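Have the structure open as you read.

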Amino acid sequence: MTNSPIKQAPHLAPSTTTATEHQLRSPKSNRGLRKLQSAHQLSSNYAALNAPSLISQQRQHQQRNASSTHNNLAPQIPPLPTPSSHHRTRSNSDAVVPNASSSAIAAKRVAASKKNPPNQNPREELEGLVRQGPQGDVPAELSRLRHLVLCEGLYADSDGMSQIRIYIWLILLNAPAISTDSYLDLIRRGASPAYSKIRNDTFRTLATNPLFKRRVSEASLIRLLNAVAWKLHDAKIEKLAEPLMVNAANERGSPELQHASPVVKHAQGPPTTTATDGSEAGGTEPGIYVQGMNVLCAPFLYAARSEAEAFVAFHGFVTKECPGYVRGAMDGVHKGLALVDKCLAIVDPKLSSYLQSKHMKAELYAFASVLTLCACTPPLPEVLQLWDFLFAYGPHLNILCICAQLVIMRETLLTSQSPTKLLRSFPPLQAKLIVEITVSNLRKIPADIYDELVHHAE
């Protein structure tokens with residue numbers, strides 16, 4: 001049987017007693033006890049009146065003797081805290097257990113809580129995915145990241161600025177990391193072949209948007225577009241040189257490749273376009289700059305924390321996600337415009353028929369929205385929020401986002417005798433509502449049309 005904490009607590013030492021009390025410390029009869037009691041009552045000594053009685057002293061002595069035998073067997077317990085201390089002592093519930101198996105179980109629980117903490121704030125979970133990376137299955141973690149972007153969104157201030165947005169974009173775009181020196185090397189090369197066309201466009205980029213003008217300078221926009229133009233120019237030269245290296249044994253190449261090789265076509269006659277002419281390159285040949293790339297580049301610079309980050313994201317986007325948009329002929333943009341008409345006829349046949357009756361095809365009002373992924377429509381914070389969704393689930397869904405904007409304007413368009421004036425500029429973006437309508441309309445799109453959506457910008 002264990003001793004109670006009160007019994008094991010240290011006792012106060014008895015106060016000093018008189019000589020008479022020392023002589024009568026061990027009473028042997030009831031008569032002696034009564035005399036001793038009377039002596040205490042009649043004594044005028046203040047100390048004697050406040051001292052414990054001999055019976056109490058005897059009981060304390062017996063308790064000390066009895067507890068000393070238990071203290072030799074039981075471990076020492078620290079004394080209870082004094083009433084003057086107000087701090088909370090550590091609870092035994094989180095004390096370290098020396099048992100090895102218990103420690104291993106506790107370590108597994110801690111690891112599990114770090115991997116999937118209960119009731120974790122979505123903002124903290126997004127930041128953890130960015131800082132720590134995937135903790136297990138990468139596809140599952142990416143799926144979780146996309147779900148968080150769709151359902152919770154990225155935390156941003158009133159200007160649309162977020163600390164992690166550019167890193168989320170880089171992850172979703174699978175953009176490789178590069179050193180800043182690589183970007184600076186492209187800057188040091190000077191003006192690219194498309195430099196004059198870039199300068200003609202940059203001063204007009206989101207000219208009426210004070211948020212963009214306050215954060216991004218025209219010089220930054222020129223440097224980034226010029227660096228991307230050099231990168232695309234180098235890739236174009238390498239692509240044109242590949243057939244020449246393969247068919248080096250024959251001046252004209254093999255007969256079956258003479259009509260397919262761009263190098264042979266260039267050797268047989270004057271080319272219709274030069275390798276350095278960016279925005280006027282025709283056919284399926286890659287260009288290095290087309291009008292509108294300045295607006296498409298603007299949100300990357302606004303969201304990024306450095307030009308190098310914006311360069312990596314923008315270059316990866318135009319080369320992997322929508323290379324058809326930046327070719328000289330802009331064939332990807334024209335395919336997208338045709339898909340706007342097709343998808344609108346599916347999701348809202350009445351509105352589509354009305355616009356067709358007014359000879360309002362998508363190529364007349366949606367060209368800029370397709371090319372720039374709606375970046376041409378203010379406000380800029382809503383553009384960034386819409387791009388979070390597009391990068392998470394695919395930029396091809398921008399076609400359905402344009403249809404969603406038309407659905408939002410449905411009543412106004414149907415009652416207007418001149419919808420052309422209304423569609424000259426779309427109303428301000430409402431990213432959350434557009435995403436909701438897009439996800440709802442996505443179920444109506446047939447598989448073959450959706451396949452066209454996925455591949456139209458290649």
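This is a predicted model: local features need pLDDT of at least 70, side-chain atom pairs count only at pLDDT 80 or more; totals for chains, interfaces and linings use all residues.

Residues are numbered from 1 along each chain as its sequence is written, and side-chain values use heavy atoms, with hydrogens and water left out.

Searching the whole structure turns up 12 salt bridges, each a side-chain nitrogen of Lys or Arg within 4 Å of a carboxyl oxygen of Asp or Glu. Among them are these:

| Pair | N to O distance |
|---|---|
| Arg123 and Glu127 | 3.6 Å |
| Arg165 and Asp388 | 2.8 Å |
| Glu411 and Arg410 | 3.5 Å |

Take Arg165 and Asp388. This pair ties together distant parts of the chain, with Arg165 in helix α9 (residues 165-172) and Asp388 in helix α21 (residues 380-393), 223 residues apart. Both Arg165 and Asp388 are buried (under 20% relative accessible area; exposed is over 50%, partly exposed in between, with a 1.4 Å probe and protein chains only).

Arg123 and Glu127 sit four residues apart in helix α7 (residues 122-132), so about one helical turn separates them. Arg123 is partly exposed at 41%.

Glu411 is exposed at 54%, while Arg410 is partly exposed at 21%.

Methods:
Helices (H or I, at least four residues) and strands (E, at least two) are DSSP runs, numbered from the N terminus.
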